[in-house]
Amino acid sequence: MVRHLPLAPLAPAAPLRRGDVPEAQWNDWRWQLGHMLTKVDELARVVDLSAAEREGLAASAALFRVGLTPYYASLMDPDHASCPIRLQAIPRALEADIRDEELRDPLGEDSHMPAPSIVHKYPDRVLFLVVDRCGIYCRHCNRRRLVGGDEPPTTADLDAGLAYIARTPRIRDVLLSGGDPLLLSTRRLDHLLGRLRAIPHVETIRIGTRLPVVCPMRIDDELVAALRKHHPLFINTHFNHIKELTPEARAGCERLVDAGIPVGNQTVLLRGINSSVRSLRALMRGLLRSRVRPYYLFQGDTVIGTDHLRTPVEAAMELYRGLRGWMNSMAVPMLVLDAPGGHGKVPLIPSYIESLDDERVIVRTYRGTRVEYPQPRDRDCTVPYDEIQFAGTPPDDDREGSAEAAGSS
Ligand code: SF4
């Protein structure tokens with residue numbers, strides 16, 4: 001008779017599912033971010049991984065890192081690999097199918113960096129990349145070359161970025177991004193915002209963050225109290241699907257709005273994830289109900305390994321037609337394409353104009369009805385009072401961002 005030696009007990013797996021940990025721990029953003037799911041076995045404890053997901057995860061080391069909070073993982077449909085949460089968070093092998101046209105830096109940011117951590121493309125505003133980590137590593141990320149926590153911006157980098165903003169008076173608006181700026185400690189974020197606010201020509205500050213989506217517990221009282229000191233401050237978040245708009249996520253957004261912080265949303269159009277009129281309408285209406293203003297709907301960028309996630313442009317415009325006119329216009333985001341190479345955002349507006357001359361314009365309404373609009377008789381649009389209102393004010397400095405910034409500083 002074969003005698004088996006008693007097996008050493010397996011080390012208990014870290015708790016990753018709601019209900020495995022006390023509610024207070026689950027609702028602690030530090031616990032969430034300290035327990036991100038990054039490995040196959042961790043994900044396999046939450047969902048029944050498909051062959052394509054397993055293949056993608058095996059290849060992901062060479063692609064783009066994997067990581068998501070236990071909270072976001074709890075939204076995944078365990079049984080259906082077509083779940084929009086799974087498709088955003090778990091790589092598929094298609095990511096390794098890289099086309100020649102795809103770019104590491106599709107928005108041409110690296111060539112518009114006049115100082116560490118600063119991207120200056122447009123005349124009056126800059127991106128300030130203050131952290132390189134995220135609460136999720138989205139499979140569609142256009143900044144995958146930078147995010148992942150390998151080369152975080154140093155204090156010296158941030159100081160140099162602040163110095164650039166301070167010496168460039170045409171910068172009126174600063175967008176904190178990264179990575180996810182809400183991953184900074186509240187104390188550091190407060191300090192950084194205070195230093196930006198001390199620069200007289202910085203009129204508005206924006207924060208781009210996905211934490212309201214993937215870790216809404218981060219929007220706690222301490223954070224909100226710190227943020228509200230730095231008005232006018234705006235938050236742009238990134239919901240892509242109605243499934244993400246949970247009671248917790250809605251409550252996080254509403255806490256920000258209650259503190260006087262307008263919250264806007266940028267959605268990336270993702271093929272097979274949200275590329276239906278039904279899905280987009282539900283998301284946009286849900287956002288507006290949560291007091292979040294849909295802002296941009298992005299045509300997918302040409303970033304490496306994301307061809308399978310992009311929609312044809314004509315399909316994107318057809319989807320837009322399914323929103324405009326059919327819903328409250330405040331729920332309709334602007335559909336834009338970020339021109340590859342850093343040339344800026346281009347609105348993708350399906351034409352509703354059939355013909356136009358000095359006498360009349362023929363338009364097609366959202367329902368397809370043909371309507372004539374008479375042109376006015378007078379055509380001079382000069383505003384005489386501008387001379388009085390803006391007397392002594394120099395015109396805007398509309399030169400391109402960093403390319404000419406040295407001359408303006
Ligand atoms: S949160 Fe934003 S920066 Fe981070 S991986 Fe997702 S898209 Fe990229």
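**Reading the fold**

Modeller: This is a predicted model. Of the 409 residues in the protein, 36% are buried.

Biologist: What does the secondary structure of the protein come to, and how does its radius of gyration stand against the globule rule?

Modeller: The protein has 15 helices and twelve strands. Its radius of gyration is 24 Å, close to the 22 Å that the globule rule gives for 409 residues, so the protein is as compact as a globular protein of that length. The C-alpha trace spans about 105 × 55 × 45 Å along the principal axes.

Biologist: What share of the contacts with a separation of 6 or more joins residues 24 or more positions apart?

Modeller: Such pairs account for 78% of those contacts.

Biologist: Is strand β2 largely enclosed or open?

Modeller: A residue counts as buried if 20 or more other C-beta atoms lie within 10 Å of its own. In β2 (residues 125-129), four of the five residues are buried, so the strand is largely enclosed by the rest of the structure.

Biologist: Which strands pair with β2, and in which sense?

Modeller: Strand β1 (residues 118-119) pairs with β2 in the antiparallel sense over two bridges. Val-119 has Leu-127 in β2 as its bridge partner, and a hairpin of five residues joins β1 to β2. With strand β3 (residues 173-177), β2 pairs in the parallel sense over five bridges; there Leu-129 stands opposite Ser-177.

Biologist: Through which helix does the chain cross from β2 to β3?

Modeller: The chain crosses through helix α7 (residues 155-166), and this β-α-β crossover is right-handed.

Definitions and conventions
Residues are numbered from 1 along each chain as its sequence is written. This is a predicted model: local features need pLDDT of at least 70, side-chain atom pairs count only at pLDDT 80 or more; totals for chains, interfaces and linings use all residues. The radius of gyration is taken over C-alpha atoms; the globule rule is 2.2 Å times the number of residues to the power 0.38. A residue is buried if 20 or more other C-beta atoms lie within 10 Å of its own, exposed if 12 or fewer, and partly exposed in between; C-beta atoms are placed from the backbone. Two residues are in contact if their C-beta atoms, placed from the backbone, lie within 7 Å. Two strands pair if DSSP finds at least two bridges between them. A crossover is right-handed if, with the strands pointing away from the viewer, the path from the first strand over the helix to the second runs clockwise.
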